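Hi everyone, thanks for coming.

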Amino acid sequence: MIQPYTSRLERIWFWAFRLFCGLVLIFLMLPVLVIIPLSFNSSSFLTYPLSGFSWQWYETIFSPGPWLESLKNSLIVAPLATLLAMIFGTLAAVGFNRAEFPGKNLLMALIISPMVAPLVIVAVGMYFFFAQVGLLNSYLGLVLAHAVLGVPFVVITVNATLQGFDTNQMRAGASLGANPVQVFFDIVLPQILPGVISGGLFAFATSFDEVVVALFIASPTERTLPIQMFSGIRENISPAIAAMATIMILMSVLLLLVVELLRRRSVRI
Amino acid sequence: MNAVFRSNRSLKYFATTCLVGLGLLISTQAQALTVISFGGASGDAMKKAYYDPFIAQTKTELTPGDYNGEFAKIRSMVETGNVSWDLVEMESPDLTRGCFEGVFEPLDWDKLGIKDQLMESAVNKCGAGVFVWSTVLAYDGEKLKEAPSSWKDFWDVQKFPGKRGLRKGAKYTLEFALQADGVPAEEVYTVLATPEGVDRAFKKLDELKPHIQWWEAGAQPPQWLVAGDVVMSSAYSGRIAAAQAEGRKLVILWPGSIYDLDYWAIPKGSKNIEAAYEFIKFASQPDTQAAYSSQIPYGPVNPTAIEKLSPEKAKEMPTYTDNLKGALAMGTEFWVDNSEELEQRFNAWAAK
Amino acid sequence: MATQTMAPPPTTQTSLKTQLRRAERRRKLNAFLLVAPLALFLLVIFVFPIGSMLWRSVDNSELSQALPQTAQLLSAWDGQQPPSEAFYASLAQELKSALANGNIGSLGRRLTYEDPTLRTLVTQTIRKLPDTPETTWQQTFSTLNPRWAELSTWQALKKAAPTTTDRYLLASLDLERNAQGEITAVAPEKQVYIDVFLRTLAIAGAVTLICLIMGFPLAYLLATLPTGTSNLLMIFVLLPFWTSLLVRTAAWIVLLQSGGMVNTSLMGLGFISQPLELVFNRVGVLIAMVHILLPFMVLPLYSVMKGISPHYQRAAISLGAHPFKAFWQVYAPQTLAGVGAGTILVFIMALGYYITPALLGGPSDQMVSYYVAYYTNTTNNWGMAAALGSLLLIITLVLYMLYQRLVNQQTPNRR
């Protein structure tokens, strides 16, 4: 805090610093804020000033056609990929916290690596592999690919939740005669559920926003929303894109709120 | 705690349902006819003139898609045995090459039974003509006080300051560069066939390089022209005409343009060959062709369709006599033989 | 504990020990079994595909697949003697079967890399090749095209005959083997990839630096403000973070294009008279990439700074240090781990960028990923795609290991 006895230079510095941070925050929010009003513009050009209010672009994207079709595809792929990532990721995180075993660090590095591996390399690799095993141009292929990309988030968040978990409870459960499966579902899972869900939401957002791998391994039948957005941006930035963007921003707000709520409820994520 | 337990049970239900769904997904792959075009305004016209009526008439399921002419995508589909496209709109050099390499199903013209209805060049071993298109020089008549009259003017950044749009690729670009360097249209491919000619074209491109904004999708040039991002651009003629129809003062310069046919081709290994044949037959009828060409002015390959068009529409076609003056037919053979090397060189050149 | 005083019989002690050890081993096995499904899943769907793609960077099987017998003859040939009739006969027969099997496309592509005119030579020869030779196959080939009588044609074929090659890896470093088999630099007009790699590193470096300059003060502010305010401001960081990358890219195009908001407002305010070129060039790429990656810098910095007690800095000031000095000498060093983690994370992620440069950049702003996609999708040159991909992956892996080390040195959970 600024003190009454601080020198003039320090005051200038203090406010300059705050101004700079303010500008950075505006920079961060600007694109998100700018695109929303354009989706209600009655003109077909993405420029300010707005010429009038209209719902027509929302009608465009919600009438039968490529937008609705791709939204449907994304809503098929993302939940399934999320579920797979949640199952695999939670089991692995529980395993990681149960005991030390050789190669643990290496394994952890492997599991997190889809987060940092260049997406194009993942995409080309999967493209050739899926082509050989017949998973190319299929929903299943997309689900598996997106599960791989989402799983690190689940492992990280569940892992963090488990740091605050007292393992003695598991022993207590076991000594009272519960089998390991019961122990997991009745003791462990309820307590780490916030972590599992927020990891799942991260995985969902990843799949819902993934375009590079999908561009390589999906055919027009499985065209996802990001692919539709990508070709729309490249071809013709119409206000329909702004409308879909607005809906996606609303969804991000929702996801963000849920994750923050979960974070407050659980001990530490 | 109890609430958590309950949600825990519903989580299990959710999980089971999803897994069952996952299992179902493996077995239910839609077998709709997948038709790939160049998209944009042309794709919209196809939807109105071909796709929707075809679906209504034959009750066939049809999935439209678009691409930017990447022949390699089709080739790798066929070579890896994962053919998900049933009909593709192809440019003639790639069609010829793919046909030789066995990437496309040879067409059974007797079975199609429309050979005598189409213009001669529309009948190809592996492809059936879709329409005649043209790549032209286009500009915004409202923004340029003086009209450019040739590719030389396109290169003249003193007289016409501002960015220019060109397609990101060697095809058409090298032809335009040579014309800008003073090579008459009819000699372009003779010059380009020599190594010196290719060097000359790249040297000419060097001059303009800092002023070029490269486009990949056919929808970009009209959009950039309208937005004022570029002052002139090479563009597919139909896209410009479509923008004119929306009240934009875009102007097409026909002399020096390059025209060619696009073809429907069936990638080898397609599972919907019967439906694809039906579609080709349907899309080659005079009525459907006329419907397409009145949506976007690309020339019909069915001569009867031309008679069905209004005189104003007919004047917009690349095949209209006046529009063909000074125009250049695409050098199919040249590009079949040289596209690999020249595209590679172009890419290296553009990356610098 | 109690063992010392009670001294139970030795037999029970050992059995207890083994029991403990056994339980411990069971726990380890259990733990491992829980991790195993994911590990297996990733091995099959992630590691194996990438590995087999990397193999393509040395794979050279096109010729030996299309023309197996000819490939054998070529491998055994010394490259100096004129090829015998057997070569021509085998080639004649196998070219026809290659055409029938659909192998001619990949063969033609492979030959183009040796010599651009070879593909045309082969395809034109196939079209005219008779079923039986008039005199000898050698004669037939040479009449079709005199180049078949030249040694250099066969030497080029010989180069494509082995099943593995280093040409793609060399080419992705702008190197090639000359006629003598020595490694040399390629002709200057063909040098591309060193530039592309340097450009990729430069873009990633610039993005990282800008992110650090913008992110460090912001993280500091968020970490020092009262919780309520900082939570509120945190939304400004988290909302863009959760927003789709494509949505943000679209927004930046709208903002930056020449008739876009940034230009119109700058012109309206009278700062500029001509619209600035902000998109389809390096500027646009940098702006959008910084925007996307900034949260990845702010969040780790924030969590490290949140853990730094303000007392040390205050102590330094009360001991007479100038506040700036106290900041640099007392506070800043404690943030180093966070700075390291943040910069490496942002740098690694920036290295692999593809979509943003593709949508917002010009041809000279494309990074390595673009060329991997280009070679896969546009020219089917899978060897080049794999070679460029391998190099990119190696750079990424090295940095990733560095990152793992840095993170493991810190507290086990960063989030």
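Let's start with chains A and C: 69 residues of chain C and 71 residues of chain A make up the contact, where two residues are in contact if their C-beta atoms, placed from the backbone, lie within 7 Å. On the chain C side, helix α2 (residues 10-55) of chain C gives the most, with 19 residues. Helices here are DSSP runs of H or I with at least four residues, strands are runs of E with at least two, and both are numbered from the N terminus. That side of chain C holds 51 nonpolar, 14 polar and 4 charged residues. Nonpolar covers Ala, Val, Leu, Ile, Met, Phe, Trp, Tyr, Cys and Pro, charged covers Asp, Glu, Lys and Arg, and the others, Gly among them, are polar.

A quick note on what you're looking at. This is a predicted model, where local features need pLDDT of at least 70, side-chain atom pairs count only at pLDDT 80 or more, and totals for chains, interfaces and linings use all residues. Residues are numbered from 1 along each chain as its sequence is written, while chains are lettered from A and ligands numbered from 1 in the order in which they are written.

Now chains B and C: here 26 residues of chain B are in contact with 26 residues of chain C. Which helix supplies the largest share of the chain B side? That is α17(B), with 9 residues. By class, this side of chain B has 8 nonpolar, 6 polar and 12 charged residues.

Next, inside chain A. Helix α1 (residues 8-38) and helix α11 (residues 239-265) of chain A pack at an angle of about 125°, with axes 8 Å apart; axes are lines fitted to C-alpha atoms, for helices over the stretch in contact, and angles run from 0 to 180 degrees between N-to-C directions. That makes α1(A) oblique to α11(A). Oblique is what remains after under 35 degrees (roughly parallel), over 145 (roughly antiparallel) and 65 to 115 (roughly perpendicular). From α1(A), V32(A), I35(A), I36(A) and L38(A) meet P239(A), A242(A), A245(A), T246(A) and I249(A) of α11(A). That contact has 8 nonpolar residues, 1 polar and no charged.

Last, helix α3 (residues 66-98) of chain A: is it enclosed or open? Of its 33 residues, 24 are buried, so α3(A) is largely enclosed by the rest of the structure. Buried means 20 or more other C-beta atoms, placed from the backbone, within 10 Å of the residue's own.

Terms used:
Buried ≥ 20, exposed ≤ 12 C-beta atoms within 10 Å, placed from the backbone.
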